[in-house]
Amino acid sequence: MAPAAVPGVAVAAVGIPVAILIIYIGGLAFGVFVALIAAMAAREVFRIAVARDVRPFTWAGVPLAAAFVMIAALSQDATEAAPRFWTLLIVAMLALSGAAIWLRGVEGKPLTSVGITLFGALLTGGALTYAIFLGGMAQTWSLPEIADR
């Protein structure tokens, strides 16, 4: 094995069993685990944006991505979470728009900064909410019920 692959194998050897255990435990532990993944993924989206000379609000987008997942984890189902998602999105959009003008001015490309921040949070956190809701569906459905549909 190449020496460069050793750290990756070591992380996988520990990380995969831990991930399986957290998935098995489910509930809030699974929600926090998925929220951390969403936050790391959002940070990566913002890093890519910075490489293309776009300045996202990383300090807001990373916790926003995690917040979408935590709303899903703390809700009973998608219909309960939907108004909370919309509220969070609208508040974030208004706050980020104000912060963009206030902190960066018109020359700082505020529309681009706000757009990539919301996109990164929704792409990562919004998409990973499905992991939470699909896990909840598996707990409430039985095989005969699915077969009857």
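1. Among contacts in the protein (heavy atoms within 4.5 Å) between residues at least 6 apart in sequence, 68% join residues at least 24 apart. The model is a predicted one, in which local features need pLDDT of at least 70, side-chain atom pairs count only at pLDDT 80 or more, and totals for chains, interfaces and linings use all residues. Residues are numbered from 1 along each chain as its sequence is written, and side-chain values use heavy atoms, with hydrogens and water left out.

2. The secondary structure consists of six helices and zero strands. Read from the N terminus, the order of elements is α-α-α-α-α-α. Helices (H or I, at least four residues) and strands (E, at least two) are DSSP runs, numbered from the N terminus.

3. Of the 149 residues in the protein, 34% are buried. Buried means under 20% relative accessible area, exposed over 50%, and partly exposed in between, with a 1.4 Å probe and protein chains only. The accessible surface is about 9600 Å², and carbon and sulfur atoms account for 74% of that area. Accessible areas come from the Shrake-Rupley method with a 1.4 Å probe; for residues, only the protein chains shown count as cover.

4. Helix α2 covers residues 27-51. At 1.5 Å a residue, its 25 residues should span 36 Å, and the end C-alpha atoms are 37 Å apart, which agrees. The expected span is 1.5 Å times one less than the number of residues. The buried residues of α2 are Phe-30, Gly-31, Val-34, Ala-35, Ala-38, Ala-39, Ala-42, Val-45, Phe-46 and Ala-49. Just after this helix, Asp-53 has a positive phi of about 65°.

5. Leaving aside residues up to four places away in sequence, Ala-39 touches Val-62 and Ala-66. Val-62 lies 23 residues from Ala-39 in sequence, yet their C-alpha atoms are 4.9 Å apart. Leu-28 also belongs to helix α2; its relative accessible area is 47%, so Leu-28 is partly exposed. With residues up to four places away again not counted, Leu-28 touches Met-70 and Leu-74. Leu-28 and Ala-73 are separated by 45 residues in sequence and by 6.3 Å in space, C-alpha to C-alpha.

6. Helix α4 runs over residues 78-104. Gly-105 follows α4 and has a positive phi, near 70°.

7. The second largest pocket has a volume of about 160 Å³. On a 1 Å grid over the protein atoms alone, a pocket is an open set of points where a 1.4 Å probe fits, with protein on both sides within 12 Å along at least five of seven lines; lining residues have an atom within 4 Å of a point. Grid points are joined across faces, edges and corners, and a volume is the space filled by probe spheres set on the points.

8. The lining of the second largest pocket includes Phe-68, Phe-85, Trp-86, Leu-89 and Tyr-130. Helices α4 and α5 (110-140) each supply at least two lining residues, and α5 gives the most, with five. By class, eight lining residues are nonpolar, two are polar and none is charged. Here Ala, Val, Leu, Ile, Met, Phe, Trp, Tyr, Cys and Pro count as nonpolar, Asp, Glu, Lys and Arg as charged, and the others, Gly among them, as polar.
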